[in-house]
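Visitor: I have a model open and want to go through its contacts. Can you take my questions as they come?

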Amino acid sequence: MEGTGPSGCSGEDFEQDAETSVPVAVRRALELLEKDDADLRIQAACDIRRLTKRSRCCRRQLRHAVRPLVSMLRVDSSESRESALLALLNLAVKDEKNKISIVEAGALEPIVSFLKSQNPNMQEYASASLLTLSASATNKPIITSSGAIPLLVKILRDGTPQAKADSLMALSNLSTHSDNLSIILETNPVASIIHLLKACKKSSKTAEKCCALIESLVGYDMCRTALTSEEGGVLAIVEVLESGTKQGKEHAVGALLKMCQSDRCKYREQILREGVIPGLLELTVQGTEESQQKAHTLLQLLRESPNPRSETEPDTIENIVCNIISQIDGKDEQADGKAKKMLAEMVQVSMERSLRHLQQRAAIVCNPSDLSIASCVSHVSLNL
């Protein structure tokens, strides 16, 4: 493997021009972009893509390439458009100034048009570009006004798996601008989001972004109606609450809480029916600080009465769960026992996970034969 310089360029690429203190490869790429020869400009775009792939320094030094690359997006040549778009994509990664410059240079019009392309690769590159550009707060309203949102939702429904994932994340970025929520909702995206959520691994980044987008939209009645009308929609969110990433669980419980707060009588039974209680109990023990609070609040709303108990009957998790189970089973004596058993199981799961974490850490610093944590787990389990 060839060595690389401190900016991620090869040793030859990173040689400095004695007069300008700019890497030779950077200066050469900028010069080639100004040529009238289309092939040389394509070569320059390919070089820029390579130079900026891992180098933040090169992204800064190649900022003047933005306008000529944007002009290449309008050339009637698929090779020119593709090479320029990929170069711009790398220039925008982790560089706020370049993100803004690319939009200011007029890149959105051709990029949005590529979302309509019959070429799946161009759709993917355009979706990825909008994902990156939409990370800038300055760009969000401009992207919305370009008409990108309906096309992103269409790709979310009909695109390739990669284009769907990138479109979802672009929409999630755009949803953080409050004015965009109603525009996104008008495109009826909920069914497509739920289909993607049901199909993906619940611990994936895709599931996390699906729940983030739903949490943003579920404050609107139109979203809640679409979500509950979609078979398995609420269940998919509950599954993320149970086995998603920490952020995914936080968004999932947030979405369910917003639903219940909007109309407790309407949504309480639907949420309970999907077996949400074990996941909520686990969150009260192991979730982020915010998800713990949301889980506790949702548990309170799911019981028969949302009002706190009297001082003689404290508002504990056990009492809340007992109340919920009694409503499901209709047998108070059995409900109390089930609540205690469920809580005990959650404590057991929490302890076992903590011990597995200790085991993994111990394995890094000592030989497993020196510290048999597995036997410790068995001993603890037998004594609970």
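Guide: A term to begin with: a salt bridge is a side-chain nitrogen of Lys or Arg within 4 Å of a carboxyl oxygen of Asp or Glu. This is a predicted model, in which local features need pLDDT of at least 70 and side-chain atom pairs count only at pLDDT 80 or more, while totals for chains, interfaces and linings use all residues. Residues are numbered from 1 along each chain as its sequence is written, and side-chain values use heavy atoms, with hydrogens and water left out.

Visitor: Fine. How far apart are N and O in the salt bridge of Glu208 and Lys205?
Guide: The N to O distance is 3.2 Å. Both residues lie in helix α14, three residues apart, about one turn of the helix. Helices here are DSSP runs of H or I with at least four residues, strands are runs of E with at least two, and both are numbered from the N terminus.

Visitor: Is Glu208 buried or exposed?
Guide: Glu208 counts as buried, at 10% relative accessibility. Buried means under 20% relative accessible area, exposed over 50%, and partly exposed in between, with a 1.4 Å probe and protein chains only. Lys205 is partly exposed at 47%. Elsewhere, salt bridges with shared partners join Lys154, Arg157 and Asp158 into one network.

Visitor: How many salt bridges in the whole structure?
Guide: The search finds 13. One of them pairs Arg74 with Glu109, with the closest N and O atoms 3.7 Å apart. Arg74 is in the loop between α4 (66–72) and α5, and Glu109 is in helix α7 (residues 108–114), so this pair ties together parts that are 35 residues apart in sequence. Arg74 is partly exposed at 47% relative accessibility, whereas Glu109 is exposed at 58%.

Visitor: And which residue does Asp76 pair with?
Guide: Asp76 forms a salt bridge with Arg81, at 3.9 Å from N to O. Asp76 is exposed, with a relative accessible area of 76%, and Arg81 is partly exposed at 22%.

Visitor: Change of topic. How many helices and strands?
Guide: The protein has 23 helices and zero strands. Of its 384 residues, 48% are buried.

Visitor: Which residues have the most contacts inside the largest nonpolar core?
Guide: They are Leu69, Leu197 and Leu256, in a core of 96 residues. A nonpolar core is a set of buried Ala, Val, Leu, Ile, Met, Phe, Trp, Tyr and Cys residues joined through side-chain atoms within 4.5 Å. Leaving out residues up to four places away in sequence, Leu256 touches Val234, Ile237, Val238, Leu241, Ile271, Val276 and Leu298; contact means heavy atoms within 4.5 Å.

Visitor: Where does Leu197 sit?
Guide: Leu197 is in helix α13 (residues 190–199), where the buried residues are Val190, Ser192, Ile193, Ile194, Leu196 and Leu197. Their cover includes α10 (148–158), α11 (161–175), α14 (205–217), α15 (221–229) and α16 (233–243).

Visitor: What is the volume of the largest cavity?
Guide: About 40 Å³. A cavity is a set of points on a 1 Å grid over the protein atoms alone where a 1.4 Å probe fits but cannot get out, and lining residues have an atom within 4 Å of a point. The volume is the space filled by probe spheres set on the points, which are joined across faces, edges and corners.

Visitor: Which helix gives the most to its lining?
Guide: α5 does, with four residues. The lining consists of Leu85, Leu88, Leu89, Ala92, Ile102, Ile111, Ser129 and Leu133.

Conventions:
On a 1 Å grid over the protein atoms alone, a cavity is a set of points where a 1.4 Å probe fits but cannot get out, and a pocket is an open set with protein on both sides within 12 Å along at least five of seven lines; lining residues have an atom within 4 Å of a point.
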